[in-house]
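Please examine the sequence and the structure shown below. The paragraphs that follow lead through selected parts of the fold.

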Amino acid sequence: MTEKYEAVVIGTGFGGGISACRLSKKWPGKVLVLERGKRYPMGSFPRSPHDFARNFWNLPAEGRPGPKRIDEELHGMFDIRSYQHMDVVLAAGLGGGSLIYANVFLEPPDEVFDERWPESCKKEKLASYYAVAKEVLGARPIPQNDDPRRRVIRTELFQRVAKEVGRSSRLLDLNVFFGNDFDKPLAIGHQAKNRYGALQTSCVYCAECDVGCNTHSKNTIDLNYLFVAENRYGADVRTEHLAEKIVPVDERGEDDPAADGSHGYRVYFRDLTSKAEHAVLTQRVVVSAGTLGSNELLMRCREYYNTLPRISDRIGQRYSGNGDFLSFVMDGKEPADPNYGPVITQATDFNLFSSYDPKRAFVLEDASYPNFGAWFAEGVKPGVTRLRAVKEALRAFVGRWITGTTTGSIGYALSDLLRGDVSYRTSVLLCMGHDESNGVMSLDGNGRIRLDWPYEDSLPLYEAILDAGRRFCEVVGAKRFVPLPTWLWPFRRNVSVHSLGGCVLADDPSIGVTSAAREDFGQVFGYQGLYVADGAIVPTAVGANPIATISALSEIVAEGITGIKPDGEL
């Protein structure tokens, strides 16, 4: 007999985790959650070169555009895709994008909510939902006290540069665990259960947020919303299960592509470990597979399988990379130490929160990367830059055996060899801005997403970002400013980790794909009980880290489905 559920949630990022929690509270034990990636218990994120090389997503049968891959099937965390002028980084795993996000909870300014945003989800209408999501995710700035280990020198560097160039800098609210008492942070490295019962470690400042936090110091979705859904409300969470098709059913429970969903749906999915095919019946479906995943699944059901033909032909429109841009200021006169602390701590405003300029609005944040990345950077440095230190190290080593020189001199020589590391004086500049949000997603011949992103239309934004990077380089006295190499002419390929749009909220199917009316918020036009809750419904770039807005909108979707006002208690 076909299993039956009150709801099926596809995906476990911010939208999926929120939906799973809120719907499971309404229907305990009757919600199925499908996640294509794996679980990542504390300490399970790979760090060795061998294991890290396998930590990518690769299903050869999908034939997706991307970097050259090996033939074997991999269910790793990083899913990297290449499109026209845009590379996209996605995450697969229980917790979705929260596993690799930079922890920032930042509400965009009122001006971002322009005429493309329906009245029902303007900034003031989202205020209470921002507050709930912020409470659950535990957002707060890094603690400020006399513990020298709490000092992050790149924060101070970015603040000084902001002042020098006449811009404002502020500490950001971070979804990072520093203990349950915000006024009395837990000592670094100490462990405690969070308010929802999951064990976490007070942040150890290792800068490994973006490659998976092995100490579970990040407030990822599997440690709050999903943890409660599974452990308190009995959600059936199945990892390494890939949703493949959604079909409405008739009153007898038979597949009927002509139906409107009023009798429910059959969801087809595949167990990626056993390769077994499964199907379940459900009254409602929440698609939260991430912007690209949600658009692709719904497009395939509309155009490839012809099971959801009523979906608006606006699907795939208004794609945004949220103005993401990465660059480096190398070999500055002052230390930046980009290998210590949470991956981002502050934001410098460039015409986003003040003197708003829709063509050039962005924030500049102080990115970091793990220590093992610094060792790699030193390893690929031209050998000539280390000749003097190597010569001294060899002289000391030989002297130890020939003349009996103390071993301490070898230590000093090795110290000299490592002391001049460029990475310690390199600043990583991560920007997010208000791009034109006019990319288009469609299906290729294999039924997979194809993305056309007209970068030329957003060039004023990227030129402003490049100008800010050059000025930063000048202020810190660095030797060079290096944008991400893929952006250089003639490639003009950007990279986004914050894809948005394609199933945007609207008041009418001629404008968007999902309803902005509060009674059926996020419901796909033309279908009852079929919802989208993730970055795909966001109408435009938000110019700031988008997870706060995605979470607020997803809380409204869940409220419309359950009829229950959300709160931070879960």
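Which residue of S24 stands opposite Met86? The residue opposite Met86 is Asn494 in S24. The model is predicted, with local features requiring pLDDT of at least 70 and side-chain atom pairs counting only at pLDDT 80 or more, while totals for chains, interfaces and linings use all residues. Residues are numbered from 1 along each chain as its sequence is written, and side-chain values use heavy atoms, with hydrogens and water left out.

Strands (E, at least two residues) and helices (H or I, at least four) are DSSP runs, numbered from the N terminus. Two strands pair if DSSP finds at least two bridges between them. Strand S6 (residues 86–91) and S24 run parallel and are joined by three bridges. They belong to an open sheet of three strands, ordered S5-S6-S24, in which the pairing is mixed. Because strand S5 (78–83) and strand S24 (494–496) each have a single partner strand, they stand at the edges, and one side of each is left without a neighbour in the sheet. From one strand to the next, the twist averages 20 degrees.

With strand S18 (residues 346–350), S19 pairs in the antiparallel sense over four bridges, and Ala347 stands opposite Glu365. Strand S20 (residues 427–433) also runs antiparallel to S19, through six bridges; here Leu364 is opposite Cys431. In a regular strand, side chains alternate between the two faces of the sheet. On one side of S19 lie Phe362, Leu364 and Asp366, on the other Val363, Glu365 and Ala367, and all are buried (under 20% relative accessible area, with a 1.4 Å probe and protein chains only).

Next comes the interior. A nonpolar core is a set of buried Ala, Val, Leu, Ile, Met, Phe, Trp, Tyr and Cys residues joined through side-chain atoms within 4.5 Å. The largest such core has 142 residues, and Ile10, Tyr225 and Leu530 are among those with the most contacts inside it. Helix H11 (residues 547–562) supplies the largest share, nine residues. Apart from this core lies another of 10 residues, including Tyr40 and Val211.

Finally, helix H4 (residues 153–164) packs against helix H10 (residues 459–475) at an angle of about 105 degrees, their axes 10 Å apart. Axes are lines fitted to C-alpha atoms, for helices over the stretch in contact, and angles run from 0 to 180 degrees between N-to-C directions. Phe158, Val161 and Glu164 of H4 meet Arg471, Phe472 and Val475 of H10 in this contact (heavy atoms within 4.5 Å).

Technical notes:
Buried means under 20% relative accessible area, exposed over 50%, partly exposed in between (1.4 Å probe, protein chains only).
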